[in-house]
Amino acid sequence: MSVFLKCVTRSGKRIVAASVRHHSSLTTELIENMDKKATWDRFYAESSSRTSTFKHFEWFFGFEAVRDFIMPLLHTKAQPDALLQVLDMGCGTSALGPCIYRHSPLPVRVTCADISPVAVRLMQEDVQAKAVQPHNLSSQLDFIELDCTQLHKHCGSSSVDLIVDKGTTDALLRSKEGKGKAGLVLKQCLKVLRSSGSLLQFSDEDPDARLLWLEAEAREEGVMAADVGVQEVGELRGVCYYCYQVTPRPMV
């Protein structure tokens, strides 16, 4: 049985879900409950059971499609010996985090975080089996189980240089009970990012909708806590994707 991407349109919103042939209950669960840990545990467990070899599962697209948005943001810090802190938020079994680790010429610590311990275990096993090596020998790669609405439990304030979100916010916004969680995740990201850091959200949502949401959620007591911008990534399978960059703004 093959796993394939299925695009579902409801109320004018495009929902990207993973559909498993002959497993309509999982398809329904993904569409309605993409904010739930149990949903992703089931998805990754069922996906991995159908193949004898591990395969990365990419939402939207892989690293090569967005490397030119990510890599320029990894620049030298004030302390040359310090590791740049990169968080792949809601990593699933994507190769995005390991690719940043492999390709960054500067020393980085890439933390791949996901709410599903099943996904975390699969990623750890794959990296160990392949003995993935970094471009810079000082770089580090970690995998952790983490609910991204609770980033503060793992990351200190103003401690992260780059957060990459490829589909995680989309999954929350398109779940029945996930919109409030999406706003909480954004606020947590702004707290843990350094003033020089950035959050990159990769999404297929139109800028007219996503920019308004980002600007509304980035307000603290009526004052904008971040600057928000957007660039077009390109078209894939007839769908246009965007990169939304959110940069903390010093609060006065």
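1. Basis of the note. The model is predicted, so local features need pLDDT of at least 70 and side-chain atom pairs count only at pLDDT 80 or more, while totals for chains, interfaces and linings use all residues. Residues are numbered from 1 along each chain as its sequence is written, and side-chain values use heavy atoms, with hydrogens and water left out.

2. The cavity. There is one cavity of 30 Å³ or more (a cavity is a set of points, on a 1 Å grid over the protein atoms alone, where a 1.4 Å probe fits but cannot get out; lining residues have an atom within 4 Å of a point). The largest cavity holds about 50 Å³ of space (a volume is the space filled by probe spheres set on the points, which are joined across faces, edges and corners). Its lining consists of Trp59, Asp88, Met89, Gly90, Cys91, Ser94, Leu96 and Lys166. These divide into four nonpolar, two polar and two charged residues (Ala, Val, Leu, Ile, Met, Phe, Trp, Tyr, Cys and Pro count as nonpolar, Asp, Glu, Lys and Arg as charged, and the others, Gly among them, as polar).

3. Lys166. Which strand holds Lys166, a residue of the cavity lining? Lys166 is placed in strand 6 (strands are DSSP runs of E with at least two residues, helices are runs of H or I with at least four, and both are numbered from the N terminus). Lys166 counts as buried because its relative accessible area is 7% (buried means under 20%, exposed over 50%, and partly exposed in between, with a 1.4 Å probe and protein chains only). Its side chain makes a polar contact with the side chain of Glu58 at 3.0 Å and reaches the backbone oxygen of Trp59 at 2.9 Å (a polar contact is a pair of N or O atoms within 3.5 Å; within protein, one must be able to donate a hydrogen and the other to accept it, and residues adjacent in sequence count only if both atoms are side-chain atoms).

4. The largest pocket has a volume of about 420 Å³ (a pocket is an open set of points with protein on both sides within 12 Å along at least five of seven lines). It is lined by 26 residues, and those closest to its centre are Met34, Trp40, Thr168, Ala171 and Leu172. The lining comprises 13 nonpolar, five polar and eight charged residues. Helix 6 contributes the most to this lining, with four residues.

5. Thr168. This residue of helix 6 is buried, because its relative accessible area is 14%. The side chain of Thr168 reaches the backbone oxygen of Met89 at 2.8 Å. Thr168 also touches Gly90 (contact means heavy atoms within 4.5 Å). Met89 and Gly90 are among the residues that line the largest cavity.

6. Helix 3. Is Phe63 in helix 3 (residues 63-70) buried or exposed? Phe63 is buried, as are Val66, Phe69 and Ile70. They lie on the same side of helix 3 because they cover an arc of only 115° around the axis (the arc is that of the directions from the helix axis to the C-beta atoms). On the other side of helix 3, Glu64 and Asp68 are exposed. The elements that cover the buried residues include helix 4 (96-103) and strand 6 (160-166).

Key: Lists of a residue's contacts leave out its neighbours within four places in sequence.
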